[in-house]
Amino acid sequence: MDNFTFHSPTEFVFGRGTQNQTGKLIKQYGGGKTLLVYGGGSAERSGLIKQITDSLKSEGIDFAVLKGVKPNPTDDKVYEGIALAVKEGVTFVLAVGGGSVIDTAKAIAMGAVYSGDFWDFYCGKATPVAALPVGVVLTIPAAGSEGSPNSVITKLDGLHKVSCRCQLTRPKFAVMNPELTMSLPWEQTAYGITDMLCHIFERYFSNTPAQLVNAYSEAIMRDVMDNALTLKINPEDYEARADVMWAGTLAHNGICGVGKEEDWATHRMEHEVSAIYNVAHGAGLACIAPAWLTFVAKRNPDMVWKFAINVMSVNPEGLETDQIIEEGISLLKDFYHDLGLTTSLTELIGKEPDIDAMVKSLEGNMGKSLGFYVPLTMDDCREIYKLAL
Ligand code: NZQ
Ligand code: ZN
């Protein structure tokens with residue numbers, strides 16, 4: 001295990017009815033006038049926005065509203081939010097939604113107190129030194145943004161989808177009521193499950209020895225897969241919803257990566273897919289992850305072999321290492337198919353993707369090398385995209 005610092009200061013308020021505590025929590029964290037940020041309407045239709053605004057009003061918290069954040073959020077909405085936050089003089093940003101809404105809220109929180117262009121933080125031109133406090137009411141377990149310091153925004157000019165890591169934007173609190181996730185269309189539940197699993201993959205597939213971290217990471221992955229299949233049959237199973245929701249946070253708040261060198265090649269490669277073709281991030285990952293595993297296992301089989309046995313439950317008896325790995329990846333693909341997802345990029349976007357364009361953009365955003373479990377050249381990435389076709 002490498003040296004590490006783990007500081008995860010978010011207060012997680014979990015369970016039935018917790019959304020009604022939102023106003024109190026904002027006050028607890030010193031918030032005054034609040035920018036309420038949400039998406040395309042699901043939170044309005046379910047009545048959640050009414051519950052949240054009632055909670056703010058009962059605490060005497062004034063608020064302004066920014067709605068209409070779309071999946072794979074773009075910089076135009078962030079600029080709109082920054083202008084509104086400054087005009088209204090807000091001191092707190094509240095995200096009600098999933099990763100797209102939370103990431104937009106985080107970008108606004110940094111941009112509203114910065115005199116330059118918020119994109120400076122995403123393209124690496126500047127480091128944020130201040131941000132408005134952010135709070136979250138989570139409605140979809142997936143991106144893990146409720147407990148992470150990351151936000152991912154796409155710049156419309158050039159379709160650059162880039163992540164900014166800033167500890168200042170870790171949410172002060174995250175309200176997590178599993179019941180709120182029961183209104184999700186099945187495919188969104190499935191995308192979320194794929195995403196959280198991949199957040200663990202990015203940390204699990206590492207060359208750093210970490211027996212304890214690997215053991216609980218494997219337990220979370222097995223549990224998520226188990227509950228995913230339960231939810232496929234009964235989407236209203238509260239216990240399964242609760243496990244999946246908490247797993248989504250544990251997958252990405254850093255606990256599964258402590259003391260380890262993390263990889264992140266799969267994510268970086270997927271971000272090109274969702275930026276250029278505007279598909280759901282989790283849907284893209286279901287195509288890239290098995291292709292990445294197939295490629296890296298040839299150069300570095302150890303952890304893929306372990307994953308096949310300990311997570312995908314391959315019985316190793318009588319099998320060679322490469323057979324065990326092949327079976328493990330095949331079972332992972334079967335799992336995605338059972339969720340109703342495709343593992344083919346061509347099927348996902350309805351045509352052959354432009355691999356040259358994705359590799360060019362990847363190189364522009366990330367440089368010439370990607371990942372650590374197996375460091376990848378741009379030619380390697382091209383091969384992985386081909387394997388995912
Ligand atoms: O917009 P509305 O109408 O609310 O609908 C949303 C949206 O269409 C819907 N939805 C959310 N909660 C719902 C619901 N529908 C019914 N009932 C509910 N309870 O779900 C759709 C997807 O929402 P979105 O926020 O886009 O999902 P997700 O949480 O998967 O976020 C994806 C974004 O997060 C980024 C992804 O790249 C993508 O842009 N990521 C952010 C990360 C981070 N900040 O740490 C890490 C991740 O790896 C990821 O890259
Ligand atoms: Zn992700």
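Predicted model: local features only at pLDDT ≥ 70, side-chain atom pairs only at ≥ 80, totals over all residues.
Colleague: What makes a residue part of the lining, and which residues line the largest cavity?

Modeller: A lining residue has an atom within 4 Å of a cavity point. Ile-140, Pro-141, Leu-184, Gln-188, Thr-189, Gly-192, Ile-193, Arg-241 and Val-244 line the largest cavity.

Colleague: Why is this space called a cavity and not a pocket?

Modeller: The term cavity is used because a 1.4 Å probe fits at its points but cannot get out, whereas a pocket is an open set. The largest cavity has a volume of about 30 Å³, and the structure holds 1 cavity of 30 Å³ or more.

Colleague: What is the make-up of the lining by class?

Modeller: The lining has 5 nonpolar, 3 polar and 1 charged residues. Gly-192 belongs to the lining, and Gly counts as polar.

Colleague: How do you know whether the radius of gyration of the protein agrees with that of a compact globule?

Modeller: For 389 residues, a compact globule would have a radius of gyration near 21 Å; the protein has 20 Å, and therefore the value agrees. Along the principal axes, the C-alpha atoms fill a box of roughly 65 × 45 × 45 Å.

Colleague: What percentage of the 389 residues is buried, and what does the term require?

Modeller: Buried residues, those under 20% relative accessible area, make up 58% of the 389 residues.

Conventions:
Residues numbered from 1 in each chain as written. Chains lettered and ligands numbered in written order. Heavy atoms only, no water. 1 Å grid on protein atoms, 1.4 Å probe; cavity = no way out; pocket = protein on both sides within 12 Å on 5 of 7 lines; lining within 4 Å. Points joined across faces, edges and corners; volume = space filled by probe spheres on them. Rg over C-alpha atoms; globule rule 2.2 N^0.38 Å. Buried < 20%, exposed > 50% of the residue type's maximum accessible area, 1.4 Å probe, protein only.
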